Amino acid sequence: MIGFGVCVTTGMMGRDFRHLILLAVPAGAAFAMLAAFGHVSVNIAIVGALFAFGGLYLAARRIKSEMDAVAEADARVDESLREEFVRQARLAESYEVILDSLPEPLLVLRADRHILHANKAVVDLLGTDPIDADLTTAIRHPDILSAAAAVLSGESEEETVEFSRAGAVEQHLVARLAVLPSSREIGRAAVLTLHDVTSERRTVQMRADFVANVSHELRTPLATLVGFIETLRGAARDDPEALDKFLPIMDEEGSRMAGLVQDLLSLSRIEANEHSPPSENARLQDILPVVARTLEREAEKKGVVVIVEADPEAPAVFGDRHQLMQVFQNLIHNAVKYGREQSEVRVVIDGWDREYLTASVIDQGEGIPPEHIPRLTERFYRVDKARSRAMGGTGLGLAIVKHIVNRHQGRLWIESRLGVGSRFSISLPVVVDAGDEMATESQDPATAS
Ligand SMILES: Nc1ncnc2c1ncn2[C@@H]1O[C@H](COP(=O)(O)OP(=O)(O)OP(=O)(O)O)[C@@H](O)[C@H]1O
Ligand SMILES: [Mg+2]
């Protein structure tokens with residue numbers, strides 16, 4: 001019996017403890033019954049039962065340790081799942097940060113054309129976050145919608161569409177759609193990126209316009225000159241009256257061409273060194289009266305008076321004297337040209353602080369309609385082309401002013417009221433000399449105390 005109990009206990013323990021439980025409980029019960037019916041002595045029954053229950057005890061311990069091991073393994077799986085989840089969440093977060101830091105708008109589309117992700121550039125472009133909405137809430141262009149349909153349906157892997165977007169300023173965009181590897185969760189998806197090509201298109205257009213403008217500006221006086229030369233060679237060969245009439249016009253047209261070439265050359269020279277600001281000093285209180293004097297004759301012809309109000313105490317600015325003279329020459333010339341007859345042109349140093357000095361040229365002309373103001377500094381841009389040309393203008397004066405001011409790291413702004421007049425203001429960086437610094441510091445109560 002004992003041998004049987006030991007056998008059962010040890011033999012089964014090493015294999016499957018569930019069998020052990022199944023055997024130990026009936027074995028214990030059998031011994032108890034045998035003892036009860038007197039088949040075995042009570043002592044043997046007790047020893048047998050003890051072995052049986054000993055086996056049961058060991059089996060229970062074994063079960064417990066197996067369960068502990070399972071619980072431990074479960075905890076390890078839970079922990080690694082949690083770590084994986086955190087890692088995935090971090091990865092998703094960093095993808096979001098990466099996508100948001102892209103300057104180009106980017107959308108991720110689901111198969112049903114809804115937006116799964118929109119980066120910050122998209123939100124900036126649209127003014128709202130189109131996430132979860134249909135693509136049409138972001139872009140309605142029919143070509144984009146059909147390209148999206150082609151990519152999302154699997155008909156095409158990649159599509160490129162160029163389109164324009166109306167707004168305060170028309171935008172030219174290139175949209176690229178590419179299929180994304182499909183996943184179990186979201187199925188087929190596509191990425192849509194937008195590339196803004198407005199400035200490239202504008203540059204190309206401006207270059208073409210520039211060549212067309214230069215050719216046009218030169219062709220007109222050239223045609224006049226050629227025409228007069230032919231006349232003087234032919235029909236008016238011996239006509240002194242015609243000569244007197246034509247020669248001044250030829251002179252004017254020749255000067256206009258020379259002026260245009262001169263302006264173009266100075267514009268390209270200024271542009272060439274636009275990125276190296278001048279290091280020399282200039283005093284506007286010295287420059288402004290000189291420029292005003294050079295335009296006196298022109299002003300007198302229209303009965304215009306040019307008044308200069310320049311405080312001799314004004315600080316010097318960082319500036320190329322010759323270029324600053326050209327700036328005020330162009331501005332005062334415009335003020336006289338576009339001012340009313342018998343009116344006043346004021347050239348004023350408005351004020352200064354420790355950083356900038358501001359000066360303005362103020363006229364009493366007809367004013368400039370507001371829609372033209374942002375474009376006045378474009379080359380060849382004129383509000384009234386015919387009138388400007390009749391006055392001998394080429395439309396380059398303000399473009400030159402803008403580039404010189406840019407080179408001086410200054411600012412140009414234009415204010416105008418129709419029927420009242422215009423004000424062209426310029427601010428330029430001030431030269432703070434050591435003496436001024438000390439004087440300012442000693443006046444500062446904080447430093448004085
Ligand atoms: N003070 C002003 N009042 C009204 N319109 C102005 C004034 N200054 C400039 N404009 C407008 O801006 C346009 C561009 O001026 P800009 O000086 O560049 O060219 P322009 O005077 O026509 O020719 P240019 O200066 O080359 O001889 C002018 O044609 C004119 O329509
Ligand atoms: Mg001008």
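Leu107 stands opposite Ala118 in β2. The model is predicted: local features need pLDDT of at least 70 and side-chain atom pairs count only at pLDDT 80 or more, while totals for chains, interfaces and linings use all residues. Residues are numbered from 1 along each chain as its sequence is written, and chains are lettered from A and ligands numbered from 1 in the order in which they are written.

**Exercise 1.** Describe the pairing of β1 with β2 and the sheet to which these strands belong.

*Solution.* Step 1: helices (H or I, at least four residues) and strands (E, at least two) are DSSP runs, numbered from the N terminus. Two strands pair if DSSP finds at least two bridges between them.

Step 1: β1 and β2 run antiparallel and are joined by three bridges. In their hairpin, which has four residues between the strands, Arg113 takes a positive phi near 75 degrees.

Step 2: the order β2-β1-β5-β4-β3 describes an open sheet of five strands with antiparallel pairing. Its edge strands, β2 (115–118) and β3 (158–165), each pair on one side only. From one strand to the next, the twist averages 20 degrees.

Step 3: within this sheet, nine bridges connect β4 (residues 171–183) and β5 (residues 187–196) in the antiparallel sense. Leu180 stands opposite Ala189 in β5. Helix α6 (residues 142–152) packs on the sheet and touches β1 (106–110), β3, β4 and β5; the direction of α6 makes about 165 degrees with that of β3.

**Exercise 2.** Determine why one side of β7 and of β11 is left without a neighbour in the sheet.

*Solution.* Step 1: five strands form an open sheet in the order β7-β9-β10-β12-β11, with mixed pairing.

Step 1: β7 (305–309) and β11 (411–417) stand at the edges and have a single partner strand each, so one side of each lacks a neighbour in the sheet. Neighbouring strands of this sheet are turned by 15 degrees against each other on average, direction ignored.

Step 2: Trp413 stands opposite Ser425 in β12.

**Exercise 3.** Classify the packing of α7 on α8 by angle, handedness and residue class.

*Solution.* Step 1: axes are lines fitted to C-alpha atoms, for helices over the stretch in contact, and angles run from 0 to 180 degrees between N-to-C directions. The axes of α7 (residues 198–233) and α8 come within 10 Å and cross at roughly 155 degrees.

Step 1: this makes α7 roughly antiparallel to α8. Angles under 35 degrees count as roughly parallel, over 145 as roughly antiparallel, 65 to 115 as roughly perpendicular and the rest as oblique.

Step 2: α7 passes α8 in a left-handed crossing. A crossing is left-handed if the near helix is turned anticlockwise from the far one by less than a right angle, and right-handed if clockwise.

Step 3: among the residues that make the contact are Leu218, Leu222 and Phe228 of α7 and Phe246, Met250 and Leu260 of α8. Two residues are in contact if their C-beta atoms, placed from the backbone, lie within 7 Å.

Step 4: the contact of α7 with α8 has 15 nonpolar, three polar and three charged residues. Ala, Val, Leu, Ile, Met, Phe, Trp, Tyr, Cys and Pro count as nonpolar, Asp, Glu, Lys and Arg as charged, and the others, Gly among them, as polar.

**Exercise 4.** Classify the packing of α8 with α13 and of α9 with α11 in the same terms.

*Solution.* Step 1: the axes of α8 (residues 240–272) and α13 come within 9 Å and cross at roughly 20 degrees. This makes α8 roughly parallel to α13. Their crossing is left-handed.

Step 1: the contact involves Asp263, Ser266, Leu267, Ile270 and Glu271 of α8, together with Ala399, Ile400, His403, Ile404 and Arg407 of α13. By class, five residues of this contact are nonpolar, two polar and three charged.

Step 2: α9 (residues 284–294) and α11 pack at an angle of about 50 degrees, their axes 9 Å apart. This makes α9 oblique to α11. α9 passes α11 in a right-handed crossing.

Step 3: residues including Ile287, Leu288 and Val291 in α9 meet residues including Leu324, Met325 and Phe328 in α11. The contact of α9 with α11 has eight nonpolar, two polar and one charged residue.

**Exercise 5.** Which helix gives the most to the shell around ligand 1?

*Solution.* Step 1: 22 residues surround ligand 1, the closest being Tyr338, Arg382, Val383, Gly393 and Gly397. A residue is near a molecule or strand if its C-beta atom, placed from the backbone, lies within 6 Å of it.

Step 1: α11 (321–338) and α13 (397–407) each supply at least two residues of this shell. α11 gives the most, with four residues.

Step 2: the shell around ligand 1 has nine nonpolar, nine polar and four charged residues.
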